[in-house]
Amino acid sequence: MKITILYLYYDILNLYGESGNVKALKKYLESLQVDVHIKFSTLNDEINLKEVDMIYIGMGSDNNQLLALKHLKKYKKEIKEFILNGKFVLATGNAMELFGHSIDHEPALNIFSYSTKKETYRIVDEALYKTNSISSYIIGFNNRNSILLNNEHPLFQSIKGVGNSPKETKEGYTEYHFYGTYLVGPLLVRNPDFLKFLVRELIRFKQPDFKIKKVSLKLEEQAHQEFMKNYYSEYVV
């Protein structure tokens with residue numbers, strides 16, 4: 001089986017080591033004996049979603065975010081169809097904002113109904129979240145100056161740290177196979193159980209009869225456990 005991942009704006013939306021998410025996806029899929037192809041695309045490149053199974057797009061500066069948005073708007077119809085047809089998108093950091101209704105009054109892709117408001121302050125904190133998808137906790141880092149409004153389909157629930165805004169505990173957005181979160185760090189390196197969940201869902205969508213073998217992510221799991229012990233020991237059983 002072959003999985004093709006389109007890595008959008010690898011050069012300008014790559015704060016906080018976000019490229020690590022793509023590397024983690026590739027390494028784990030290959031360990032499951034899946035043929036993985038990573039397509040790199042940036043400004044002025046044509047976006048071709050034929051034969052693409054998943055899009056990844058990461059965190060960038062406010063200016064680079066708007067540059068990416070201007071480019072993406074040319075492909076709004078194709079991206080919407082991609083998502084509505086059940087294909088996968090992982091958007092981390094402020095990349096999640098691109099798929100909503102607007103970014104501080106600037107029209108976005110309007111695929112989902114949430115909107116973004118820029119603030120005069122920054123939200124900087126370590127976060128601890130839960131999700132129904134996996135049993136382990138989600139760890140990550142927030143560093144942004146915006147909040148998400150009108151979010152009806154949160155991806156995570158905050159245990160410690162802010163959600164989509166300082167006044168709420170729900171965080172991120174998920175619908176169809178779109179997974180968006182403000183967490184950076186990178187997310188999939190720091191949360192191996194969520195990586196396994198995402199890959200499992202991706203494989204089952206692409207080829208339901210594919211035999212998914214058990215592959216250990218021992219080093220990543222140990223790192224997650226040590227972080228939990230050091231910083232969130234009250235949640236360690």
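How accessible is D193, and does D193 count as buried, partly exposed or exposed? D193 has 25% relative accessibility and counts as partly exposed. Here, buried means under 20% relative accessible area, exposed means over 50%, and partly exposed lies in between (1.4 Å probe, protein chains only).

## About the model

This is a predicted model, in which local features need pLDDT of at least 70, side-chain atom pairs count only at pLDDT 80 or more, and totals for chains, interfaces and linings use all residues. Residues are numbered from 1 along each chain as its sequence is written, and side-chain values use heavy atoms, with hydrogens and water left out.

## Salt bridges

The structure holds ten salt bridges. The term means a side-chain nitrogen of Lys or Arg within 4 Å of a carboxyl oxygen of Asp or Glu. D62, E97 and K118 are joined in a network of such bridges.

Helices, mentioned below, are DSSP runs of H or I with at least four residues; strands are runs of E with at least two, and numbering starts from the N terminus.

## The pair in helix α1

K26 and E30 form a salt bridge, at 2.6 Å from N to O. They sit four residues apart in helix α1 (residues 19-31), so about one helical turn separates them. K26 is partly exposed, at 30% relative accessible area. E30 is partly exposed too, at 38%.

## The pair in helix α5

D193 has a partner in K196: their side chains meet in a salt bridge of 3.4 Å, N to O. Both residues belong to helix α5 (residues 192-206). They are three residues apart, about one turn of the helix. K196 is buried, with a relative accessible area of 19%, whereas D193 is partly exposed.

## The pair in helix α6

In K229 and E226, the closest N and O atoms of the salt bridge are 3.8 Å apart. Helix α6 (residues 218-231) holds both, three residues apart, or about one turn. K229 is partly exposed at 46% relative accessible area. E226 is partly exposed at 42%.

With 4% relative accessibility, L195 counts as buried.

Which residues does L195 touch, not counting those up to four places away in sequence? They are A24, L25, Y28, L188 and L217. Contact here means heavy atoms within 4.5 Å. L195 and V89 are 106 residues apart in sequence, and their C-alpha atoms are 13 Å apart in space.
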